[in-house]
Amino acid sequence: CEGDLDTIPLDKDQKTEVDIYQTTEDYKAGLAKIYAGLATTGQQGPAGQGDLGGIDEGISSYVRQLFYLQQFTTDETKVAWNDQTVQDLNKGIWTPAEVNVRGMYYRIAFEVALANEFIRVAKENTDAQIQEFVYEARFLRALAYWHALDMFGNFPFVTEEDAVGNFNPPMATRAELFQYVETELLDIENKIAKAGMNEYARADQGAVWMLLAKLYLNAEVYTGNARWADALKYSENIINAGYQLEDKYANLFLADNDNSNEIIFTVAFDGQRTQTWGGTTFIIHAAVGGDMDPSVFGIDGGWGGIRATAAFADKFDDISGDVDKRAMFVTDGQAKEIADLSKFTDGYAIAKYKNITSNGEGGSHLTFPDTDFPMFRLADAYLMYAEAVVRGGGGSATQALAYINELRERAYGDDSGNINAGELTLEFLLEERARELYWEAHRRTDLIRFGKFTDANYKWEWKGGNADGSGIEDYRKVFPIPSSDIGANPNLKQNPGY
Amino acid sequence: QKTITGKVYDDMGTLPGASVLVKGTANGTTTDIDGNFTLQVNDGDIIEVSYVGFATRELIVGQADFSRIVLSADTEVLDEVVVIGYGTTTKKDATGSVTSVKIDEDTKIVTASPEQMLSGKTPGVQITASGGAPGDGGRIRIRGGSSLSASNDPLIVIDGVPVDNDGINGMGNALSSINPNDIESFTVLKDASAAAIYGSRASNGVIIITTKSGKGDLKVNYNGSVSFHLPSEYVDVLSPEEFKQVMQTKHGDYTFLYEPKSTDSQYMKDYINYQGTDWQKEIFNPSVGHEHNVSLSGSIKQRLPFRVSLGYLDDNGILRTSQFERTTAAVSLRPNFFDNHLKVKLNVKGVYAENRFADTGSIGAAVGFDPTKPIMNGSKYGGYTTWVQQNGNPQTLPSANPIALLELTNDESTVKRSLGNAEFDYKFHFLPDLRANLNLGYDYSESEGQKYVPEYASWQYFAGGQDRNYEQRKRNTLLDFYLNYVKDIEDIDSRIDAMVGYSYQKFWRTENSLDESIVIPIGESNKRSIFDDFTTENVLLSYFGRLNYSLKDKYLLTFTLRRDGSSRFSEDNRWGLFPSAAFAWNIIDEGFLSSKEEKALSNLKLRLGYGVTGQQNINNGDYPYLAKYTIGQPTASYPLGGKYYLTYRPDGYDANIKWEETTTYNVGLDFGFLDERITGSIDAYLRETSDLLNVVPVPAGSNLTNQILTNVGTLENRGVEFSIATDIIQNDDFNWNSAFNITYNENEITKLTVNDDPNFVGVYTGGISGGTGNTIQIHAIGKPASSFYVYEQVYDKNERPIEGMYVDRNKDGKITEDDKYIYEAPDADIFMGWNNTLSYKNWDLSLSMRANLNNYVYNNVNSDRGNYESVRTKETYLNNATTDVLHTGFNHPQYFSDYYVENASFLKLDNITLGYRVNELWSPKSSMRLFASVKNVFTWTDYSGLDPEIAGGIDNNIYPRPLTVTFGVNVDF
């Protein structure tokens with residue numbers, strides 16, 4: 001009778017380690033979870049059986065957390081909600097207990113753990129297709145570690161060599177992580193599918209190059225050693241890989257942006273099948289409030305959360321969108337200045353992401369958009385190329401200017417917005433990156449690279465916690481290690497200043 | 001000398017075998033089979049009438065009426081049999097902290113939920129009603145919670161069958177599937193020496209429910225009642241006038257509110273002349289319930305005691321559309337065979353319940369809905385006033401119309417449950433000291449339900465309506481076997497009572513649901529259809545034993561040991577050993593008291609107990625130790641190359657997870673004075689939970705999630721309990737019995753993490769309404785579980801809170817998360833109950849009161865609604881605010897202000913019952929009692945919200961408990 005105690009799960013949705021991986025398709029479903037780790041938040045969709053605990057499931061979404069940390073802390077975006085400590089991000093006064101800092105940190109660690117688990121199981125299998133899955137898993141792990149080193153500096157380090165269980169991972173320094181990510185990417189660079197040759201939403205060489213380019217572009221921040229030439233090299237690889245700028249800028253952020261040839265790596269969402277309260281569900285709903293008509297955005301209602309700062313509106317000479325079509329402000333019923341952080345109608349709203357196709361049709365669901373999140377796209381490679389040139393990484397200044405003007409021509413519809421060689425400065429590039437890439441979760445990294453993130457001379461409203469804006473402490477260029485992990489893992493050391 | 005004749009009754013009818021004695025003489029007799037007696041007496045003699053288990057009565061010849069002598073069950077009698085785990089004991093022989101509550105037919109409250117009958121009756125036991133819905137039960141806590149994330153509910157054993165606490169789908173409260181009228185007694189095993197025989201399930205105490213059985217003459221009982229529930233309290237919200245004023249002063253205008261949104265001219269007219277809606281008054285209404293119970297009991301040919309009962313209850317809640325209808329049947333047979341060597345107990349109970357659940361979201365919606373709007377405006381959403389978008393679609397953020405939520409939601413379930421057991425107790429013919437006991441039990445339930453919301457309901461508009469059907473089946477089977485050997489060893493004036501046993505129990509459950517849209521949702525191509533099914537099981541296997549040794553009836557020793565195996569843990573951690581030891585000393589029998597003292601003091605017993613119990617119900621499924629993959633649902637799939645994959649997620653787990661262990665130390669003193677006219681006890685206890693299961697952050701990267709449930713902490717409950725009961729007045733005509741109990745309990749988390757990091761503030765808990773993901777409580781070391789974690793509010797000189805101004809506790813010039821502090825906790829330090837029963841001739845009156853001291857409540861209704869922003873968060877709809885906003889003047893929500901954490905100490909007058917008994921209606925043994933009672937009579941408190949008694953301490957639109965007036969009748973014949 002004591003044998004009766006050996007029960008096994010009776011539920012068909014639960015399997016043990018032993019019997020889960022049988023076929024190649026099973027491995028692909030395991031790989032799909034690592035990809036889904038960027039998009040969904042649990043196994044139920046939109047919420048339920050969440051991956052993480054101690055945080056609202058919808059908020060815990062990878063893309064949503066990335067947006068919180070990369071956008072709310074900058075001159076592009078402020079959030080109106082009072083959810084837990086989110087206002088601390090607006091003001092630049094976050095602490096090691098800040099919930100979204102914690103959420104991002106654990107989401108990254110979860111992504112790494114998922115990848116490790118998959119690699120551990122799958123690498124033994126010699127099937128060529130399954131080996132491809134392993135390269136992609138390694139890319140996704142490198143991506144997560146890049147976010148870790150970018151946002152947190154040092155980070156607990158685990159690979160597939162570490163078994164799941166009760167142990168304290170050592171802390172890798174930012175430089176060590178940099179080296180690891182670089183080594184991993186260089187190793188898989190020529191093994192993974194060629195650029196543009198993989199299935200939709202799967203990583204390929206283009207994604208690897210893009211990540212390498214971004215890693216090198218910020219190398220000086222990460223390691224103290226600038227790698228402009230390497231940044232240039234990989235930007236160039238991408239530019240020459242056959243990606244094409246989307247004709248209409250607006251189409252990049254619509255429900256059928258999966259058709260775009262500009263997007264190099266995407267996080268896919270689907271109204272019916274990839275549902276989450278994070279991701280683009282968050283970005284689109286949160287951007288709608290006040291008197292705005294949700295149906296224009298292809299959704300059932302707005303959440304009244306995120307809008308632009310006046311500082312961001314000022315980056316456009318003309319905010320109507322008639323001149324520079326990237327200016328997608330909603331000004332009706334919205335004040336330009338954010339006098340009250342909690343008031344959505346303070347600050348211009350942004351109509352960039354929509355759950356509407358380029359033909360004007362609605363997405364497949366009114367709550368959950370079909371709109372994918374463009375994590376890497378070609379325009380960024382153009383801008384990186386230009387920046388690497390300007391910073392002395394070699395390359396061609398003429399070519400750099402041509403790339404920038406290509407972006408400007410798309411924005412203006414003609415060459416009226418083109419700049420000349422003398423105007424291609426670092427200051428211009430920082431502004432242009434905002435105009436081109438705003439609300440795509442790059443801004444914090446960019447501001448830090450340009451030395452503007454904490455600088456008291458580069459101000460936006462509510463920076464430092466006051467309406468006029470002020471400098472913030474230099475140590476805030478990295479986020480703190482959450483106090484919960486400091487408590488759990490004695491190998492960790494808090495980042496200085498916190 | 002003369003001859004008197006008389007008749008003795010108990011509450012069930014006539015009482016055969018009662019002793020009738022002229023006091024101080026040997027002159028006496030016993031009552032015959034019909035309870036009659038005849039005795040030669042003199043005028044002035046005092047006649048003592050007694051029977052085991054009943055209070056002895058004294059009557060004076062010449063003054064008293066002997067035709068109907070009623071003996072009432074005396075719960076304080078020392079020889080009283082007390083049901084304990086796998087056996088019985090007597091109060092005198094009990095070594096542990098055991099409280100038995102016999103249900104007194106005259107003073108019991110009319111309720112659909114058995115646990116409410118325990119409320120305020122015993123020290124250390126707290127029942128917090130979960131709300132006012134019909135059939136709602138309560139949260140039971142015995143001596144504080146010993147867990148954080150595992151279950152804190154006691155183990156409930158019904159006629160020897162432990163039942164699970166997980167509830168039944170489609171039943172608001174699983175215990176309310178037991179008819180309280182079939183319950184004879186509750187025994188509460190509080191300390192470990194009493195409870196440890198239930199091993200890994202006894203950490204939070206054990207409640208043993210014994211149901212009624214028959215004996216003696218054929219008796220028929222009918223009791224019935226009609227109850228009127230009256231909504232008594234409403235949340236204070238702005239009146240339409242105040243609301244308009246707030247709109248004008250705070251938001252500039254309110255004119256757009258009066259723009260008729262409908263083209264229907266009749267509605268337009270109503271709209272313009274409209275005075276306002278008191279939404280709360282619209283959703284609540286007085287309701288009526290009635291209940292009928294019939295039982296037939298007795299003994300067929302003195303050989304087959306039986307009891308059969310039928311019960312019917314129909315109760316409507318004060319929240320419109322909530323309803324509970326229950327039919328119960330119970331059969332109990334107690335045949336004896338082989339000259340009483342084999343005693344058989346058969347119990348079968350069945351219930352058929354039909355529920356209709358009102359959408360309780362309407363309660364919060366009614367607090368918040370714009371008071372200047374009419375209920376109906378002819379909208380296309382069923383005609384109900386609805387906030388719409390410019391294109392006429394409903395808005396998704398504002399709450400739906402409260403009346404629509406009630407009227408358009410049809411959420412019904414039917415539940416069938418049967419539980420029963422067959423107990424065979426065989427006294428060996430060759431060795432009568434040895435008993436073998438086999439108990440076979442089952443608990444089976446089947447439930448199904450449907451929730452239907454039409455597609456035109458505004459909140460289901462985009463989803464295409466909802467048609468959700470669900471089913472659940474649960475099966476719990478039990479086999480217990482034990483041998484019991486009792487031997488008096490007269491040579492050494494000792495008695496040995498030894499028991500060894502084996503138990504096997506299996507819990508299995510399966511459920512499925514199909515959630516479909518009614519029409520194709522807008523923008524989609526197919527109807528939504530989500531099917532989900534789930535099956536799980538767990539097995540418990542145990543060996544246990546108990547040894548009682550008593551020396552000279554004065555020194556009592558008890559040892560118990562249980563070895564439990566649970567399928568929920570890995571092979572390495574599967575087995576646990578739960579020992580206990582107790583010592584009791586009947587000091588009163590020592591003989592060193594003088595005769596005078598002995599006269600005053602009728603009982604004095606010291607009890608010392610120690611024991612270890614466990615908690616294996618860890619709220620983490622049945623396979624928490626296994627490395628598992630969870631396959632994703634279709635709605636959480638991911639496209640790779642256009643094909644959507646159901647993703648395989650490896651789940652985080654703790655391979656070493658095991659049960660919690662609670663070690664309890666108990667010191668108790670039982671006392672009785674004046675021939676047990678005053679009785680009571682005092683107990684002090686310390687309960688230490690180790691291997692406390694807590695959801696803690698795991699080192700990032702080491703596991704497949706960020707926090708897991710693991711055995712990491714320690715927690716302590718320390719307390720003192722005191723109870724006293726006395727017959728203040730006791731004579732033929734007038735009796736007043738009063739019982740009071742008080743408990744002091746403090747709860748402290750003593751360890752919480754693997755590494756004692758001084759900077760670790762704690763585990764956030766206690767989600768609130770308002771914002772997303774906000775929590776207000778924390779489990780922190782050195783503090784009670786679920787303490788409030790808040791900012792310290794700064795007040796102006798008029799004692800009004802200043803918005804956004806908090807004390808900068810760490811003095812860094814900024815108000816950040818680091819400035820929060822731990823302020824009070826939800827559980828009361830002190831709670832007490834006071835029960836009074838008075839009777840005068842045929843009248844009886846009972847009164848019960850309860851009080852809690854220093855229970856704190858976070859007023860989430862005010863923190864969410866008491867600000868001007870919530871009135872007009874968006875430009876497109878309005879909400880009402882609570883009147884608290886007029887005091888605070890807050891523009892924005894200040895969720896984390898300690899202003900909202902209020903001391904909710906209270907004194908409640910729970911129940912008053914007045915009864916009148918009519919004897920000998922149409923035959924000598926027929927009687928009738930008429931009664932009227934008022935429940936939830938009055939609450940004295942400073943708490944500003946609806947009700948200060950909130951399980952968990954977060955007040956967020958509870959279903960208010962109504963004032964209930966009941967008229968009933970109880971007929972015996």
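Helices (H or I, at least four residues) and strands (E, at least two) are DSSP runs, numbered from the N terminus. This is a predicted model, in which local features need pLDDT of at least 70 and side-chain atom pairs count only at pLDDT 80 or more, while totals for chains, interfaces and linings use all residues. Residues are numbered from 1 along each chain as its sequence is written, and chains are lettered from A and ligands numbered from 1 in the order in which they are written.

In chain A, the loop between α2 (24–39) and α3 (62–72) holds P46(A), and the peptide bond that leads from G45(A) into P46(A) is cis, with omega near 0°.

Further along chain A, helix α13 (residues 378–390) and helix α14 (residues 397–412) have axes that come within 9 Å and cross at roughly 145°, where axes are lines fitted to C-alpha atoms, for helices over the stretch in contact, and angles run from 0 to 180 degrees between N-to-C directions. Two residues are in contact if their C-beta atoms, placed from the backbone, lie within 7 Å; on the α13(A) side the residues that meet α14(A) include Y382(A), Y385(A) and V389(A), and on the α14(A) side Y403(A), I404(A) and E406(A) are among them. The residues of this contact divide into 11 nonpolar, no polar and 1 charged, with Ala, Val, Leu, Ile, Met, Phe, Trp, Tyr, Cys and Pro counted as nonpolar, Asp, Glu, Lys and Arg as charged, and the others, Gly among them, as polar.

Turning to the contact between the chains, 102 residues come from chain A and 86 residues from chain B. The element that gives the most to the side of chain B that touches chain A is β30(B), with 7 residues, and by class that side has 36 nonpolar, 37 polar and 13 charged residues. Strand β1 (residues 14–16) of chain A runs antiparallel to β34(B) and is joined to it by 3 bridges, two strands being paired if DSSP finds at least two bridges between them; Q14(A) has T630(B) as its bridge partner.

Chain B also has residues other than glycine with positive phi, including T321(B), with phi near 75°, in the loop between β20 (304–316) and β21 (323–333). N619(B), in the loop between β33 (601–615) and β34 of chain B, has phi near 55°, and counts as partly exposed with 15 C-beta neighbours inside 10 Å.

Methods: A residue is buried if 20 or more other C-beta atoms lie within 10 Å of its own, exposed if 12 or fewer, and partly exposed in between; C-beta atoms are placed from the backbone.
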